[in-house]
Amino acid sequence: MSSTVSTVVTNIATLVTNDPSLGDGSPLGLVRDAAVVIEGDRVVWTGESSKAPATDNRVDADGRAMLPGFVDSHSHLVFAGDRTEEFNARMSGRAYSAGGIRTTVAATRAASDEDLERNLTHHLDEALRQGTTTFETKSGYGLTVADEARALRIAARHTDEVTYLGAHIVAPDFADDPAGYVALVTGEMLDACAPYARWIDVFCEKGAFDGDQARAILTAGRAKGLHPRVHANQLSYGPGVQLAVELDAASADHCTHLTDADVDALAHGRTVATLLPGAEFSTRAQWPDARRLLDAGVTVALSTDCNPGSSFTSSVPFCIALAVRDMGMTPDEAVWSATAGGAAALRRDDIGRVAPGAYADLIVLDAPSHVHLAYRPGVPLVGKVWRRGARVL
C-alpha cells in the first residue's frame, strides 16, 4: 500500500484535461460532472464524479471549472527599475527617448542580488495567484558576463525553465562593436551562463541581431547543450521564424509579421508559435493573426511576455481574453494554448494537462466553465490553485 496521501477534488462542473481520450474527444478533452484524484505531486485518476475511487481527503469544487495550471512559457522577470514614464508617454502620444531596454539594463546592473530576487518572487507570487503554475524566464537585462550569470543563477532557484538571453540587444558597452559583443555572447558569457540555463534565446530583429548573428549565437548555445528559442518577427518581417524552424527551436515567439512561407515552415516543423498579446496591447502594435496560424495547423502557445517595458502583465487570463477578442482565437483554443500549448513550447508532457502521470498543477475557477476566462475579462476568477500536488491558494 502506498503511504502517499490521496485527495479527490469532486463536483467539478467542467474539467479541462487537454487529453481527448479522457473526455469528449475535443482537444480540451472536457469531462462534465468530473473528479480528479491527486497522490503526492501527480494526478492519478480523472473521470466522472460518480466513479471516483476512495481517497484520504475530499475537496468539493462546488460546481466550478477545473483546468491545468497555466504554463507561461515566455517572461523576463529578473530585472530592476520601472518604466512608467515611458509607458505614459507612449500612451499619451508623446515622443520618449529614455532608452527602452537600456534603461532596465542600467537599473538591473545597479541592483543587488537580494533586490533582484525579491522582485522576481513578487511577480511569481502575483502570477501564481492568477493560475500560473509553470513559468519560463530569461536573463537579458545584465548584458555583462557577471550580470547575465547572476540573473540566471537567481532564476534557477525558482524554475527549471531558465533561458540565457545575452543576445537581447547589443550591450551599450559594445555599441560600436556588435561583432565583439556576439563574440562575448558566444564565448565567455555563454561559458558562465550555460550551467544555469536550459535554453538559449536571441532577439532576431532589425536593431538587435540579424539572421547570421542569431544563427551563430544559437548554434554556439546548442553546442553547449542549450536548446534554441527565438524572439522572431515581432516588429518586422525577417529571418527569425525560418531560422527557428531550421534549428528545431522549441518556440518562435511573437510571430506578428509572417509571410506565407513562414506559416508553412511552422506548420511543417516542431517549432511552436508563441503569441504574446500583452506586448501588442501595451505598444498599440498590430495583433498577431492566430487564426491564420491555427488554420494552417501550427501549434500555438499563449504567454504573457511579462517584462517592465513592453508587456508588464503577469496575467495569463488577461492574455486569453485579448487573444479571443483581438487575435481570432476561440475560447477553447486560447485556453488550450495557455496550458498545453505552453507545455509544447517547453517540450514538456508532464504539465499543461490533467491526466494520470502529469503533475498535479491544477486551478479551479470561480465559474462553471473555462469560457468565463474570456467572457469575464479582468475579473479575478482563479479561486483555488494546486502546484505539484500542494494546495497553494
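Predicted model: local features only at pLDDT ≥ 70, side-chain atom pairs only at ≥ 80, totals over all residues.
At what angle do helix 3 and helix 4 pack, and how far apart are their axes? Helix 3 covers residues 113-129 and helix 4 covers residues 145-156; they pack at an angle of about 45°, with their axes 10 Å apart. Angles of 65 to 115 degrees would count as roughly perpendicular and those under 35 degrees as roughly parallel, so helix 3 and helix 4 are oblique to each other. Their crossing is right-handed. If you want to see where they meet, look for D113, L116, E117 and L120 on the helix 3 side, and for R150, R153, I154 and A155 on the helix 4 side.

Now hop along to another helix pair. Helix 12 (residues 316-326) and helix 13 (residues 331-345) have axes that come within 9 Å and cross at roughly 140°. That makes helix 12 oblique to helix 13, and this crossing is right-handed. Here V316, I320, A323 and V324 from helix 12 meet P331, A334, V335 and A338 from helix 13.

After the helix comes G328, which has a positive phi, near 85°. What covers them?

Strand 1 (residues 6-15) pairs with strand 2 (residues 31-39) in the antiparallel sense over 7 bridges, and T14 stands opposite R32 in strand 2. Strand 2 also pairs with strand 3, again in the antiparallel sense, over 6 bridges. In that pairing, E39 stands opposite R42. Strands 2 and 3 form a hairpin with 2 residues between them, and G40 in the turn has a positive phi of about 60°. As you trace any of these strands, keep one rule in mind: side chains in a regular strand alternate between the two faces of the sheet.

H168 is found in the loop between strand 8 (162-167) and helix 5 (178-186). Is this histidine buried or exposed? Its relative accessible area is 5%, so H168 is buried. The side chain of H168 reaches the backbone oxygen of G140 at 3.0 Å. Leaving aside neighbours within four places in sequence, H168 is in contact with H76, I101, G140, Y141, L143, F203, A208 and F209.

The other one is A273, in strand 13 (residues 272-275). With a relative accessible area of 0%, A273 is buried too. Not counting residues up to four places away in sequence, A273 touches A252, C255, L266, L293, V298, T299, V300 and A301. A273 and G341 are 68 residues apart in sequence, yet 9.0 Å apart in space, C-alpha to C-alpha.

Definitions and conventions: Residues numbered from 1 in each chain as written. Heavy atoms only, no water. Pairing = 2+ DSSP bridges. Helix = DSSP H or I, 4+ residues; strand = E, 2+ residues; numbered from the N terminus. Buried < 20%, exposed > 50% of the residue type's maximum accessible area, 1.4 Å probe, protein only. Polar contact = N/O pair within 3.5 Å; in protein donor to acceptor, adjacent residues only side chain to side chain. Contact = heavy atoms within 4.5 Å. Axes fitted to C-alpha atoms, helices over the stretch in contact; angles between N-to-C directions. Parallel < 35°, antiparallel > 145°, perpendicular 65-115°, else oblique. Left-handed = near helix turned anticlockwise from the far one by under 90°.
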